[in-house]
Amino acid sequence: MNIAAIRRPLAFFALFASILIGAPGTAADAAPIDLNGIRFDPSIEEPSIPPELRAPETRGPALYLVQLTGPIEEAWKEQIRRHGGELFGYVPQNAFVVRVDPQERRSVAALPFVGWIGPYHLAYRISPAIGTTAFRDPARAEDPRVTLRVRVTDAPDRTARAAGRIGEVVERIDDRIAPGFVVRVAPDRVRAVAALATVLYVEELPECFLLNNTTRWVVQSNQTGQTPIWSQGIRGDGQLLCMMDSGLDYNSCWFRENGNAPPGPTHRKVVDYREWGGGNAYDGCSSGHGTHVAGTAVGDQSYINGGNYSYNGMADRARIMVQDVGGDSWLACLFGLISPPSSLTSPFDDAYTNGARVHTNSWGSSSNSYDGYAVDIDGFMWSHPDFLVFFANGNAGPGGGTVGSPATAK
């Protein structure tokens, strides 16, 4: 697929474009649209889309890009809905992906605040990064197929069944923010998946691995031995942190309870421990990455070491719940590979329901894109403004484009 070809613009004068799509002559107010690495100003020109990457013909409701004339007002969105439009996600600048019946498209286009409407082409739905990742895991590196995470507007089960006739569906993503599924297909079948009527976006499922390197005084002051946050008495009292990582050695000195009691509501440090993709309920690799991260955050060995807290974690008086995504095979341990769920909304829900308001993640991928994980993070934090999610920027800096998803979230 020649994604690069769609960046060669073909000029359409605004008046002609307005007549073509049935919109009034308000496109002059439009701002540039930035979507999937494609930038164009619909009041001046549209990108030249190769025939194989254009939106498929359909008799029923179809997906369109609808750009409004200014900063979004809730009343505008409601009027679009009243004219039969369904909104599925914001697109910079001032645009939405909207599903509407072709017969109703003209009434939406005629609304005074609508500046431009155009087809939601396959070029906008297919990540240009598909097929560019060098995987650490030999199983993925040697598989001739690509593993796609597919985000849909709705009806994920029905769409997954259709995708199953194109490739192998390996997971359903039951997510109220970004429903979808994971499918393995031959590279030349990616367009066929993207052309399914409810598909919003198709991207390669990233390979995720562990990240973290140094700590307490670095975070607080970046001056050796200086801990001004602790000096103000801020130690995490009464707080619950949720960590998604390779697991936790909860019998280490930083977390141990009397009698080596297992995690639970009355445990002094580890109130909950669940597997979300991990091999077993423990930090099974010799690197002990999850234990290291948890110790950096909330570790407290003063309980068994005579009140000495010199080496405790940042919020040493807080407690922790663990979402284990560790892989405990020799290969996973060697490369630091983990298996987070394909959607983060459910684990965020679990953390929030159990009382955590901070969620820390010292892992990521080599993808610099704004992907489905980033969508999950932004969607959840937008609807839960008292919930703060942290992700490691990565260990590949300091050059441009070296932040790995999901740290690419807003």
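The legends below describe close-up views of a predicted model. Residues are numbered from 1 along each chain as its sequence is written, and side-chain values use heavy atoms, without hydrogens and water. Local features need pLDDT of at least 70 and side-chain atom pairs count only at pLDDT 80 or more, while totals for chains, interfaces and linings use all residues.

**View 1. An open sheet of 4 strands, ordered β6-β7-β5-β8.** The pairing is antiparallel; two strands pair if DSSP finds at least two bridges between them. Strands (E, at least two residues) and helices (H or I, at least four) are DSSP runs numbered from the N terminus. Neighbouring strands are turned by 30° against each other on average, direction ignored.

**View 2. The pairing of β6 with β7.** Strand β7 (residues 95–100) runs antiparallel to β6, and 4 bridges join them. Glutamate 86 has arginine 99 of β7 as its bridge partner.

**View 3. Helix α2 across the sheet strands.** Helix α2 (residues 74–82) lies across β5 (62–68), β6 and β7, at about 140° to β6. Angles run from 0 to 180 degrees between N-to-C directions of axes, which are lines fitted to C-alpha atoms, for helices over the stretch in contact. Contact means heavy atoms within 4.5 Å.

**View 4. Surroundings of valine 150.** Leaving aside neighbours within four places in sequence, valine 150 is in contact with Pro179, Gly180, Phe181, Val183, Val193, Val199, Tyr201 and Val202.
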